[in-house]
Amino acid sequence: MALLALTPLAASAQTPPAAAAAPVADPAVRTRATALIPVLAGRPGYDTLFTAAFRQAVPSAQWTALAAQLRATLGEPRRVARLDPAGRWAATAVIDYDRGTATLRLSLDPAAPHAIAGLLITGTDLRGDTPAKVQADLAALPGIAQVGIYALDGPQPAPLAETRADTPAPLGSAFKLWVLAEAARQVAAGTRHWDDVVTVGPPSLPSGILQNWPRTTPVTLQTLATLMISISDNTATDTLVRLLGRGEVDAMAKRYGATGPVLTTREAFAIKANPALTAAWTAADAAGRRALLATEATRLDAARLDPLMFSSGPLASETVEWFAAPRDMARLLADLRDAGPVVRDILSINHGVDPATATRFAYVGFKGGSEPGVIALNLLAQTRTGRWYAICASWHSADGAVDEPRLMALVTRALGLLAS
């Protein structure tokens with residue numbers, strides 16, 4: 001999730017040349033900035049405050065999530081603390097919240113009623129924050145929350161803060177980092193190449209786009225890996241697992257604390273949707289689970305997957321899953337950092353955190369995972385002074401009472417502290 005809401009700005013909204021006189025904002029800029037406060041607080045006004053073009057680029061649900069993430073970090077918005085004009089119809093505004101400030105750039109449509117046409121959140125500042133406060137806030141979450149914050153300067157991740165960091169936790173789609181690591185290993189060994197052309201395999205449920213593409217569409221291995229990480233494409237993931245080999249993916253996952261076998265997303269969905277298979281999977285050891293997958297392979301490949309299967313809440317999120325401890329995920333991120341520029345580029349397409357935080361670093365890579373009852377967030381970051389860090393956090397609850405913006409806000413706070 002990113003704290004970004006931006007649409008192209010009209011020419012009249014751009015910052016004037018350096019030689020021009022000090023800009024003076026139209027009074028409508030302050031009026032609109034002030035009207036933004038209740039909308040940031042979650043109250044009505046989105047439909048009238050923003051232009052139609054903005055609302056198309058940033059739909060209501062996305063805006064609601066962005067504003068909620070800000071409140072989770074900073075508390076309630078209170079007032080416009082400062083407004084610095086950047087032209088007649090643009091300004092930088094500092095919004096005062098209960099626990100800090102958010103800085104944003106906004107531009108208005110020059111035509112009446114001067115709705116907000118562009119908005120970019122460029123930074124947040126939490127007053128008096130410390131790593132200990134972040135760790136305490138995370139430990140206070142209901143359910144089971146885990147985190148590890150590590151410096152990656154030496155041969156092993158060095159813990160800066162840990163909560164239950166040696167206990168395996170459900171990963172959701174973050175297991176796809178194992179698949180990326182195995183793809184990178186096979187490329188390094190010369191067994192595969194990033195430009196190898198393969199065909200798309202059987203469709204899984206979204207997230208992703210490949211589930212809608214014709215079967216056997218040719219794509220490159222790098223395309224599959226890019227979609228798998230950047231938009232968590234499940235069909236791309238399953239295609240890669242089949243291509244790389246289950247045994248090979250299992251062996252890679254075992255390096256980082258997994259017991260195997262590593263399910264494809266289709267297999268996981270099909271087992272979760274079938275109570276008998278869920279019970280059999282839960283009762284079996286690793287060998288029994290491998291036997292189940294072999295015996296049920298045809299049935300699982302042909303199973304009809306229901307896009308609404310999670311509508312009633314978590315499904316076997318504590319058993320039919322992928323598991324690893326934060327400490328092991330940090331080792332994995334460190335190894336992926338060293339796996340070459342293609343891997344680093346793939347990890348950095350989706351930064352995960354808001355752009356204002358990401359721009360404070362020389363590099364930010366990310367892979368998250370979520371389903372009802374499970375959230376996992378894994379970040380790899382390099383500061384502008386050259387130091388590398390990993391933050392691996394998870395939160396799970398059998399009753400589904402987890403909140404991704406709330407966990408992301410805590411992780412973003414921790415990342416911001418590392419930048420400092």
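Which element gives the largest share of the lining of the largest pocket, and how many residues does it give?

Mentor: This is a predicted model, in which local features need pLDDT of at least 70 and side-chain atom pairs count only at pLDDT 80 or more, while totals for chains, interfaces and linings use all residues. Residues are numbered from 1 along each chain as its sequence is written, and side-chain values use heavy atoms, with hydrogens and water left out.

The largest share comes from β11, with 6 residues, in a pocket (an open set of points on a 1 Å grid where a 1.4 Å probe fits, with protein on both sides within 12 Å along at least five of seven lines) that holds about 550 Å³ of space, taken as the space filled by probe spheres set on the points. Its lining (residues with an atom within 4 Å of a point) has 29 residues, and Ser 173, Ser 207, Ser 232, Gly 369 and Ser 370 lie nearest the centre. Besides β11 (361-371), two or more lining residues come from each of α7, α10 (265-272) and β12 (374-383), where helices (H or I, at least four residues) and strands (E, at least two) are DSSP runs. By class, the lining divides into 14 nonpolar, 11 polar and 4 charged residues, with Gly counted as polar.

One of these lining elements, α7, also packs against another helix. The axes (lines fitted to C-alpha atoms over the stretch in contact, with angles from 0 to 180 degrees between N-to-C directions) of α7 (residues 221-230) and α15 (residues 341-348) come within 8 Å and cross at roughly 35°. Their crossing is right-handed, the near helix being turned clockwise from the far one by less than a right angle. The contact (heavy atoms within 4.5 Å) is formed by Gln 222, Ala 225, Thr 226 and Ile 229 on α7, and by Val 342, Ile 346 and Leu 347 on α15. It comprises 5 nonpolar, 2 polar and no charged residues.

For comparison, helix α6 (residues 176-189) and helix α14 (residues 326-337) have axes that come within 11 Å and cross at roughly 35°, but the crossing of α6 and α14 is left-handed. Here Leu 177, Trp 178, Leu 180 and Ala 181 of α6 meet Met 329, Leu 332, Leu 333 and Leu 336 of α14. This contact of α6 with α14 has 8 nonpolar residues, with no polar and no charged ones, whereas the contact of α7 with α15 includes 2 polar residues.
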